Amino acid sequence: MARISLDPRRSLFLRATEWYSRRTYGKVLDPVRALGHHPGVLRADLRFELAVGRWKKLDTDLKALAVMASAASIGCSWCMDFGHWENRQRGMDARKVREVPRWRESDAYTPLERDVMEFAEAMTANPPEIDDDLAARLLAELGEAAFVELTAMVAVENLRSRMNTALGLTSQGFKDHCEIPARGRTEAPAAAGETAGG
């Protein structure tokens with residue numbers, strides 16, 4: 001249960017943000033409602049997220065795996081729920097999305113994807129535990145610009161996940177509503193307890 005009410009004063013700015021959230025995601029995001037208590041923080045957060053969305057040096061799937069591995073390390077159920085929905089909506093492999101919390105035991109990932117998730121977990125540790133060999137492998141595979149973006153994305157997800165967790169925000173039900181339109185391919189049947197496409 002949230003540690004803060006999710007019913008802030010309904011300013012014009014908050015109503016506009018809620019409208020955009022409903023239009024884009026089908027519901028108002030709980031972090032929007034929580035941050036709505038401080039319009040300056042909400043406004044800064046939205047501007048920042050728009051800027052982050054324009055970063056394009058790192059492969060989208062690698063970015064998603066880094067973000068979700070960081071959220072899983074922190075234990076942010078809201079971020080894992082939303083990340084599952086968001087990445088399935090854009091067509092990412094369902095198994096890769098689903099198995100992030102247990103990526104070490106899964107055979108769903110390439111060596112590069114494993115390195116990215118290991119880096120995200122190491123950077124999320126407190127204090128960070130970055131291995132020089134791991135960083136060197138990632139630099140060689142990704143190049144400097146993408147490596148900087150990877151590092152920044154893990155830092156951004158630490159901000160999101162730690163803030164959401166501290167505010168007591170939990171899963172908002174996105175994973176249960178992530179039906180993906182058919183794209184001319186068939187996927188394995190959904191695991192027990194998981195909705196089709198989710």
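How many disulfides does a search of the whole structure find? The search finds zero, a disulfide being defined as a pair of cysteine sulfur atoms within 2.5 Å. The structure is a predicted model, in which local features need pLDDT of at least 70 and side-chain atom pairs count only at pLDDT 80 or more, whereas totals for chains, interfaces and linings use all residues. Residues are numbered from 1 along each chain as its sequence is written, and side-chain values use heavy atoms, with hydrogens and water left out.

Cys-76 is buried, with a relative accessibility of 1%, where buried means under 20% relative accessible area, exposed means over 50%, and partly exposed lies in between (1.4 Å probe, protein chains only). Cys-79 likewise counts as buried, at 10% relative accessibility.

The largest pocket holds about 1,200 Å³ of space. A pocket is here an open set of points, on a 1 Å grid over the protein atoms alone, where a 1.4 Å probe fits and protein lies on both sides within 12 Å along at least five of seven lines; lining residues have an atom within 4 Å of a point. The volume is the space filled by probe spheres set on the points, which are joined across faces, edges and corners. Of the 36 residues that line this largest pocket, Tyr-25, Glu-49, Phe-82, Glu-86 and Arg-160 are the closest to its centre. Helix 3 (39-52) is among the helices that each supply at least two lining residues, and its seven residues form the largest share of the lining; helices are DSSP runs (H or I, at least four residues), numbered from the N terminus. By class, the lining comprises 19 nonpolar residues (Ala, Val, Leu, Ile, Met, Phe, Trp, Tyr, Cys and Pro), ten charged residues (Asp, Glu, Lys and Arg) and seven polar residues (the others, Gly among them).

Helix 1 (residues 12-25) contains Glu-18, which is buried at a relative accessible area of 5%. Leaving aside neighbours within four places in sequence, Glu-18 is in contact (heavy atoms within 4.5 Å) with Arg-10, Val-28 and Arg-33.

Leu-167 lies in the segment after helix 9 (144-166) and is partly exposed, with 21% relative accessibility. Although Leu-167 and Met-1 are 166 residues apart along the chain, their C-alpha atoms are separated by 9.1 Å. When residues up to four places away in sequence are not counted, Leu-167 touches Ala-2, Arg-3, Ile-4, Ala-34 and Leu-35.
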